[in-house]
Amino acid sequence: MDNSKKTLFDKVWDAHVVDTVPDGPQIIYIDKHLIHEVTSPQAFAELEARNLDIFRPKQIVATADHNVPTLNQEQPIRDELSRNQVEQLTANCKKNNIELFGLGHPYQGIVHIIAPELGVTQPGMSIVCGDSHTSTHGAFGAIAFGIGTSQVAQVFASQCLLLNKPKSMRITVSGKLNPNVQPKDVILYIISKIGTDGGTGYFCEYAGNVFEEMSMEGRMTVCNMSIEMGARGGMIAPDETTFDYVKGKTYAPKGEEWTDKLAYWKTLPTDKGAVFDKELTFNAADIFPMITYGTNPGMGISVHEVIPVPQNESEEKALKYMGLKAGQEVSGIDVHHVFIGSCTNARIEDFRSAAQYIKGKTKSETVKALIVPGSQQVVKQIYEEGLDKIFSEAGFQIRQPGCSACLAMNDDKIPEGEYCVSTSNRNFEGRQGQGARTILASPLTAAKAAIEGRISAFESLN
């Protein structure tokens with residue numbers, strides 16, 4: 001085995017090792033620390049209790065997203081707990097000189113949407129956030145992963161983390177995708193095949209022409225859901241698509257610094273002949289538009305299939321919770337809610353694809369359909385491009401940026417026993433509200449369900 005050949009993951013990880021404990025973990029330097037109002041208050045309090053300063057406030061970017069209402073954001077937050085958390089974040093950032101994109105700021109939005117669109121996220125970085133979907137940023141060829149509250153405090157105090165190096169895994173998807181298959185379908189298909197623990201202990205690199213041909217938005221959707229197959233994170237090698245996306249962004253390198261960084265970024269892709277601990281390969285032709293039918297993202301099928309026979313007790317329990325039976329056609333599910341949003345699918349490209357399908361159609365009378373942009377920047381684009389008119393005329397409601405109906409930490413909850421076709425990343429019991437039944441799907445499949453009031457296969461093959 002040639003040890004001089006390195007994977008993308010190895011290259012980025014090794015570049016951040018500050019020190020190694022003999023036969024133990026490594027101390028890893030963190031380039032960017034993203035924070036929001038939910039997982040940061042305890043960490044700030046811990047530092048204060050120990051009389052420690054924030055070591056590098058300039059490496060931290062903060063926003064309010066989980067608890068914020070998506071209506072009337074210009075008014076005081078009604079919910080007391082939410083209001084307290086947002087106010088606490090504001091006070092902590094002010095006190096510690098941390099840049100905050102709070103409510104009312106033109107850059108406010110979901111943490112994993114604003115960092116890439118502002119150029120904060122760059123190839124070759126190490127990025128953490130007290131949020132499991134930090135894996136999103138791996139789309140740029142960065143090592144990005146979620147951390148717990150005690151680790152948030154560690155990064156605050158030292159800008160470093162003590163970590164054991166994960167194993168490496170490569171998932172290759174090659175060939176031509178079927179019509180109407182979106183990046184969300186690709187990752188839901190992979191998770192349905194390898195299960196919610198198939199990536200446990202690994203950092204996963206996605207390779208093959210399917211990922212190379214994806215836009216940055218699509219790559220972010222894929223990496224976002226790496227955590228749903230148990231992986232520590234997901235990565236895609238930076239290429240011209242990546243560089244074009246980053247260039248000129250607000251916080252992107254400029255001038256000579258850009259030239260130097262670009263030269264370095266081009267050295268990051270996995271060396272030919274580098275060895276991974278685990279390799280998996282899939283054929284693009286096998287992937288069709290996907291939905292989930294259970295209570296974890298691994299319980300997924302294509303829209304052409306019927307609900308499968310449960311293989312164990314937990315699957316039986318999941319079907320019971322979802323009110324579904326083996327052999328049932330998915331078109332028999334009455335959909336009353338559709339949510340297009342979340343850190344998985346609330347970028348402008350997601351809304352463009354939904355609007356393209358919706359244009360000239362009207363949503364089903366029985367469906368409440370929410371369009372929740374991932375950031376203020378995306379809101380601006382929706383209105384500039386006239387997508388708002390398409391959504392409004394079709395009966396969809398456009399909200400203000402926030403995590404919204406992805407998780408029941410705000411006002412946007414799904415009623416008990418009702419089905420919601422959602423472009424978010426988790427379909428756990430009660431995730432969208434107590435007793436709510438979540439069906440994960442792509443923006444296109446969700447838009448179709450909103451129009452028809454049910455889930456159905458795409459007729460056209462063009």
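Which residues are linked with Lys-6 in a network of salt bridges? In this predicted model, the network joins Lys-6, Asp-10, Asp-14 and Lys-165. In total, the structure holds 15 salt bridges. Side chains of opposite charge can pair when their charged atoms come close.

A salt bridge is formed between the side chains of Lys-317 and Glu-429, with an N to O distance of 3.2 Å. Lys-317 belongs to helix H11 (residues 313-322), whereas Glu-429 lies in the loop between strand E18 (419-422) and strand E19 (437-440), so the pair ties together parts that are 112 residues apart in sequence. The relative accessibility of Lys-317 is 53%, and this residue therefore counts as exposed, the cut-off for exposed being over 50%. Glu-429 has a relative accessible area of 39% and is partly exposed.

Arg-352 and Glu-385 also form a salt bridge, in which the closest N and O atoms are 2.7 Å apart. This pair links distant parts of the chain, 33 residues apart: Arg-352 is in helix H12 (residues 348-358), and Glu-385 is in the loop between helix H13 (376-384) and helix H14 (387-393). Both partners are partly exposed, Glu-385 with a relative accessible area of 36% and Arg-352 with a relative accessibility of 37%.

Turning to the nonpolar residues, the largest nonpolar core contains 73 residues. The members that touch the most other members are Phe-156, Ile-171, Val-173, Ile-190, Tyr-206, Phe-211 and Met-229. Helix H6 (residues 183-194) contributes seven residues, the largest share of this core. Apart from this core lies another, made up of 59 residues, including Ala-369, Ile-371, Ile-390 and Ala-441.

The contacts of Ile-190 were examined individually. When residues up to four places away in sequence are not counted, Ile-190 touches Ile-171, Val-173, Tyr-206, Phe-211, Met-229 and Phe-282. Among these contacts, Ile-171, Val-173, Tyr-206, Phe-211 and Met-229 are also listed with the residues of the largest core that touch the most other members.

Terms used:
Residues are numbered from 1 along each chain as its sequence is written. This is a predicted model: local features need pLDDT of at least 70, side-chain atom pairs count only at pLDDT 80 or more; totals for chains, interfaces and linings use all residues. Side-chain values use heavy atoms; hydrogens and water are left out. A nonpolar core is a set of buried Ala, Val, Leu, Ile, Met, Phe, Trp, Tyr and Cys residues joined through side-chain atoms within 4.5 Å. Buried means under 20% relative accessible area, exposed over 50%, partly exposed in between (1.4 Å probe, protein chains only). Helices (H or I, at least four residues) and strands (E, at least two) are DSSP runs, numbered from the N terminus. Contact means heavy atoms within 4.5 Å. A salt bridge is a side-chain nitrogen of Lys or Arg within 4 Å of a carboxyl oxygen of Asp or Glu.
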